[in-house]
Amino acid sequence: MGGCSGFGLGGGGSGELRGVASGNALSLDLPTRIFDSTDINTADVYLTDLPKEVWMGQGGQPFDATEVRGTLVHIRLYLRPSAGDTPIASSASSSNVRVLVLSGGELGVYAGGAFMRASGDQEDDSLSGSVSGGTLRLRRATGGFDDRLGPSTFEGSFSATRDPAQARAMARALLALSAVGTPTE
């Protein structure tokens, strides 16, 4: 699989999306790492190697991503874990993870839950954290997308900078690009 072995987030950390049965892994280098947060318990973290035009558009027009290869990862922290109050087990979940893969005009979106530990405060200008125990499946795809992972595990870490405008733009792009695929189940 193109881009297999590990999930590197540049200086922000490392991790992996690995097929449980296949053993294949998706290796990523995601230099753009941003987040936004509206309260102490929630945060939306976006990590990508896609060109800025994909999520910001070009001259007010949507960007044609048919020839683009890359990945957009969205991690939504929906419950900030608290020591002694939040269960930490292989079945615990405090975040949703979506991994959108673009390759040669095809796309696939893997999604599921994971446990996220955040460092710092969501009200700061930067946020870092780790994601563990993730279980993801292919949820949407175009007809020619080749799922070489199958059901997968997800682990990783990140360091992101607060940027509300780009976070909103990435959320819109993720929604629009995901809509191109059809549900897989």
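The dialogue below treats confidence, fold, cores, aromatic rings and charged pairs in turn.

User: This is a predicted model. What is the average pLDDT of the protein chain?

Analyst: The general idea comes first. Where pLDDT is low, the predicted coordinates should not be read in detail. In this predicted model, the protein chain has an average pLDDT of 82, and 79% of the residues score at least 70.

User: Where in the protein chain is confidence lowest, and where is it highest?

Analyst: Confidence is lowest in strand E1 (residues 7-8), with a mean of 38. Strand E12 (residues 182-183) has the highest, at 94. Over residues 1-11, pLDDT stays under 50. The model has 50 contacts beyond four places in sequence for residues 1-11.

User: How many helices and strands does the protein chain have?

Analyst: There are 2 helices and 12 strands in the protein chain. Along the sequence, their pattern is β-β-β-β-β-β-α-β-β-β-β-β-α-β. As for burial, 42% of the 185 residues of the protein chain count as buried.

User: Which residues have the most contacts inside the largest nonpolar core?

Analyst: Val45, Ile75 and Val99 have the most contacts inside this core of 28 residues. At least two of its residues come from each of strand E6 (43-48), strand E7 (70-77), strand E8 (95-103), strand E9 (106-119), strand E10 (126-141) and E11. E10 gives the most, with 5 residues.

User: With which residues is Val45 in contact, leaving aside its neighbours within four places in sequence?

Analyst: Val45 is in contact with Ile34, Phe35, Val73, His74, Ile75, Met116, Leu127, Phe158 and Ala160.

User: Let us turn to Leu47. Where is Leu47 found, and why does it count as buried?

Analyst: Leu47 is found in strand E6. Leu47 counts as buried because its relative accessible area is 0%, and the cut-off for burial is under 20%. Leu47 and Ile34 are 13 residues apart in sequence, and their C-alpha atoms are 6.6 Å apart in space.

User: What does the side chain of Ser94 reach?

Analyst: The side chain of Ser94 reaches the backbone nitrogen of Met116 at 2.9 Å. Ser94 has its place in the loop between E7 and E8. Ser94 is buried, with a relative accessible area of 0%.

User: How many aromatic pairs does a search of the whole structure find?

Analyst: A pair of aromatic rings is described by the distance of the centres and the angle of the planes. The search of the whole structure finds 1 aromatic pair. Tyr110 and Phe145 form this pair, with 6.3 Å from centre to centre and 65° between the planes. The arrangement is edge-to-face. The pair links distant parts of the chain: Tyr110 is in strand E9 and Phe145 is in the loop between E10 and E11, 35 residues apart. Tyr110 and Phe145 are both buried.

User: How many salt bridges does the structure hold?

Analyst: The general idea is that side chains of opposite charge can pair when their charged atoms come close. The structure holds 4 salt bridges. In one of them, the side chains of Arg162 and Asp36 meet at 3.0 Å, N to O. This pair links distant parts of the chain, with Arg162 in strand E11 (residues 152-162) and Asp36 in strand E5 (residues 32-36), 126 residues apart. Asp36 is buried, with a relative accessible area of 18%.

User: In the salt bridge of Arg18 and Glu16, are the residues buried or partly exposed?

Analyst: Arg18 is partly exposed, at a relative accessible area of 29%. Glu16 is also partly exposed, at 22%. Their side chains meet at 2.8 Å, N to O. Another salt bridge joins the side chains of Asp146 and Arg148 at 2.9 Å, N to O. Asp146 is partly exposed, with a relative accessible area of 45%, and Arg148 is partly exposed, with 41%.

Conventions
Residues are numbered from 1 along each chain as its sequence is written. This is a predicted model: local features need pLDDT of at least 70, side-chain atom pairs count only at pLDDT 80 or more; totals for chains, interfaces and linings use all residues. Side-chain values use heavy atoms; hydrogens and water are left out. Buried means under 20% relative accessible area, exposed over 50%, partly exposed in between (1.4 Å probe, protein chains only). Helices (H or I, at least four residues) and strands (E, at least two) are DSSP runs, numbered from the N terminus. A nonpolar core is a set of buried Ala, Val, Leu, Ile, Met, Phe, Trp, Tyr and Cys residues joined through side-chain atoms within 4.5 Å. Contact means heavy atoms within 4.5 Å. Rings of Phe, Tyr and Trp (its six-membered ring) pair if their centres lie within 6.5 Å; planes under 30 degrees apart count as stacked, over 60 as edge-to-face and the rest as tilted. pLDDT is the predictor's confidence in each residue, from 0 to 100. A polar contact is a pair of N or O atoms within 3.5 Å; within protein, one must be able to donate a hydrogen and the other to accept it, and residues adjacent in sequence count only if both atoms are side-chain atoms.
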